[in-house]
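Student: Could we go through this structure together, one question at a time?
Tutor: Gladly! Have a look at it first, and then ask away.

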Amino acid sequence: MRSKKPRLVESEEALYDYAVRSLGRRMRTVAELKRLMRLRVPEASGADWIEAVVARLKDQKYLNDTQYAAMFARARQENQRFGKRRVQQDLMVKGVHPEIITKTLDTSYGELDEEELARQYIARKRIPKPQDDKQSARVVRRLLRAGYSTGVIFRVLKKWDMELLDLEQQPD
């Protein structure tokens with residue numbers, strides 16, 4: 001548990017340096033960066049400094065929520081195999097504007113077969129075929145947390161046996 005209070009910066013330039021170092025560690029949204037900077041500025045001039053630094057970073061293209069959302073969605077889709085709803089919730093938590101989220105998700109999940117993505121998620125997590133209702137409910141909850149709709153989940157559960165048969169029939 002951190003008990004130390006962050007050190008306050010003395011000028012707008014020092015705040016800019018802190019923001020650049022923070023962005024150098026990892027990409028952030030405008031809302032995340034503002035939250036971090038609020039902890040470092042004096043109350044009197046802090047809001048003006050934050051707005052000036054954010055505007056400067058946007059002009060220099062160091063801060064761009066649209067690019068952040070696109071990269072975030074692609075990474076969650078390719079690496080964790082998350083569904084559209086999970087990515088949408090995560091971006092909302094990060095403070096991305098709803099219009100940007102909608103555009104990004106329409107682009108990245110528009111042509112994608114979410115049922116196939118759910119199957120890849122199941123394979124990646126090595127989720128075993130449910131044998132009874134309790135295990136089926138567990139799989140449903142896990143896929144819901146991963147961001148898949150109930151329609152996709154039930155289609156995947158219904159076709160589970162057919163896929164196993166197809167895999168067994170394919171020659172090695």
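Tutor: Let's begin with Glu32, which counts as buried at 8% relative accessibility. Keep in mind that this is a predicted model.

Student: Which residues of helix 2 are buried along with Glu32?
Tutor: Good place to start! Helix 2 covers residues 30-38. Its buried residues pack against helix 1 (12-25), helix 3 (46-59) and helix 4 (65-80). Besides Glu32, the buried residues are Val30, Leu33, Lys34, Leu36 and Met37.

Student: How far apart in sequence are the parts that Lys94 and Glu32 tie together?
Tutor: These two residues form a salt bridge, with the closest N and O atoms 3.5 Å apart. Lys94 lies in the loop between helix 5 (84-93) and helix 6 (98-109), while Glu32 lies in helix 2, so the pair ties together parts separated in sequence by 62 residues.

Student: Is Glu115 buried or exposed?
Tutor: Glu115 forms a salt bridge with Arg155, whose closest atoms are 2.8 Å apart, N to O. Arg155 is partly exposed, with a relative accessible area of 40%. For Glu115 the relative accessible area is 9%, and under 20% is the cut-off, so Glu115 is buried.

Student: Why does the pair of Tyr68 and Phe72 count as stacked?
Tutor: The structure has three aromatic pairs. In the one formed by Tyr68 and Phe72, the ring centres are 5.9 Å apart. Planes under 30 degrees apart count as stacked, so the angle decides it. Between these two planes it is 20 degrees.

Student: How many residues apart are Tyr68 and Phe72 in helix 4?
Tutor: Both are buried, Tyr68 with a relative accessible area of 5% and Phe72 with 8%. About one helical turn separates them, because their spacing in helix 4 is four residues.

Student: Which residues do ring pairs link into a cluster?
Tutor: Start with Tyr121 and Tyr148, a tilted pair at 6.1 Å centre to centre and 55 degrees between the planes. Both of these tyrosines are buried. The cluster is made up of Phe82, Tyr121 and Tyr148.

Methods. Residues numbered from 1 in each chain as written. Predicted model: local features only at pLDDT ≥ 70, side-chain atom pairs only at ≥ 80, totals over all residues. Heavy atoms only, no water. Buried < 20%, exposed > 50% of the residue type's maximum accessible area, 1.4 Å probe, protein only. Helix = DSSP H or I, 4+ residues; strand = E, 2+ residues; numbered from the N terminus. Contact = heavy atoms within 4.5 Å. Phe/Tyr/Trp six-rings, centres within 6.5 Å; stacked < 30°, edge-to-face > 60°. Salt bridge = Lys/Arg side-chain N within 4 Å of Asp/Glu carboxyl O.
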